[in-house]
Amino acid sequence: MSDIIQAIAIYAIPVIFAITLHEAAHGYVARMFGDPTAEQAGRITLNPVRHIDPVGTILVPVAILLMSKLMGGPGMLFGWAKPVPVDFGRLRRPKQDMLWVALAGPAANLVMAILWVISMRLFLAAGIEEGYWYQVGMAGINVNLVLMALNLLPILPLDGGRVLFSLLPNRLAWQYSRIEPYGLVIVLVLLATDVLWTLMRPFMELGSTIVTWFL
């Protein structure tokens with residue numbers, strides 16, 4: 001039990017920051033491209049309370065931690081926040097601008113992973129190679145890379161699905177959009193069959209390569 005409490009204490013800060021900046025980035029970029037919906041809803045903010053989803057931000061990450069500890073594996077933590085409201089019809093070029101709004105969240109996670117790497121460099125320069133904050137830094141890198149990779153999967157309503165929708169010809173895009181109601185089920189099936197991590201691996205490796213430039 002003490003190991004589980006310690007893991008929660010280590011991952012709490014990185015997870016909260018990861019989901020908060022991810023969602024705020026979507027709203028900020030949507031506003032840049034003409035949609036003020038998120039701003040009007042008070043969601044372009046770094047206040048995590050405005051973004052926390054009881055299930056995706058708390059229950060699912062804690063459940064994954066519990067399962068990984070009980071099963072003796074390292075686990076790969078992920079979760080989600082309340083989606084920032086974006087009215088794509090209010091964007092200046094709805095289909096084209098959707099790509100940039102969607103990419104904003106994963107990009108924010110990549111930037112945060114880089115910032116955690118820089119913090120690790122500062123820890124190492126100060127002679128801190130273990131302890132609580134060192135572990136928090138490591139967790140920050142992992143959480144953000146996982147969240148980035150998960151959201152880049154081309155499955156609606158994930159960000160990667162929005163990107164693919166934006167890039168497809170109109171007819172194919174609208175046909176593709178029909179899978180959106182089943183997107184969460186698809187992700188859960190992929191997770192249960194361990195296929196999810198295989199699909200995420202290329203994005204994880206790309207993110208890891210980028211952040212190592214800052215080591």
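Q: Why is Arg 31 called partly exposed?
A: Arg 31 has a relative accessible area of 33%, and since buried means under 20%, exposed over 50% and partly exposed in between (1.4 Å probe, protein chains only), Arg 31 is therefore classed as partly exposed. The model is a predicted one, in which local features need pLDDT of at least 70 and side-chain atom pairs count only at pLDDT 80 or more, while totals for chains, interfaces and linings use all residues. Residues are numbered from 1 along each chain as its sequence is written, and side-chain values use heavy atoms, with hydrogens and water left out.

Q: What makes the pairing of Arg 31 with Glu 39 a salt bridge?
A: The closest N and O atoms of Arg 31 and Glu 39 are 3.0 Å apart, and the term requires a side-chain nitrogen of Lys or Arg within 4 Å of a carboxyl oxygen of Asp or Glu, so the pair qualifies. Glu 39 is partly exposed, at 41% relative accessibility.

Q: How many salt bridges are there by this rule, and which residue does Arg 93 meet in one?
A: The count comes to three. Arg 93 pairs with Asp 97 at 3.3 Å, N to O; Arg 93 is partly exposed at 45% relative accessibility, whereas Asp 97, with a relative accessible area of 1%, is buried.

Q: What makes the salt bridge of Arg 162 and Glu 180 a link between distant parts of the chain?
A: The two side chains meet at 2.8 Å, N to O, with Arg 162 in helix H6 and Glu 180 in the loop between helix H7 (170-176) and H8, 18 residues apart; helices here are DSSP runs of H or I with at least four residues, numbered from the N terminus. Arg 162 counts as buried at 18% relative accessibility, and Glu 180 is partly exposed at 27%.

Q: What makes a set of residues a nonpolar core, and which residues have the most contacts inside the largest one?
A: The set must consist of buried Ala, Val, Leu, Ile, Met, Phe, Trp, Tyr and Cys residues joined through side-chain atoms within 4.5 Å. The largest such core has 28 residues, and those with the most contacts inside it are Leu 110, Leu 145, Leu 153, Leu 196, Met 200 and Val 211. H4, helix H5 (132-151), helix H8 (183-192) and helix H9 (195-212) each give two or more residues to this core, and H5 gives the most, with eight. A second, separate core of eight residues includes Ala 25, Ala 30, Phe 33 and Ala 104.

Q: Why is Asp 194 called exposed, and where is it found?
A: With a relative accessible area of 53%, Asp 194 is exposed. Asp 194 is found in the loop between H8 and H9, and its phi is positive, at about 65 degrees, although it is not a glycine.
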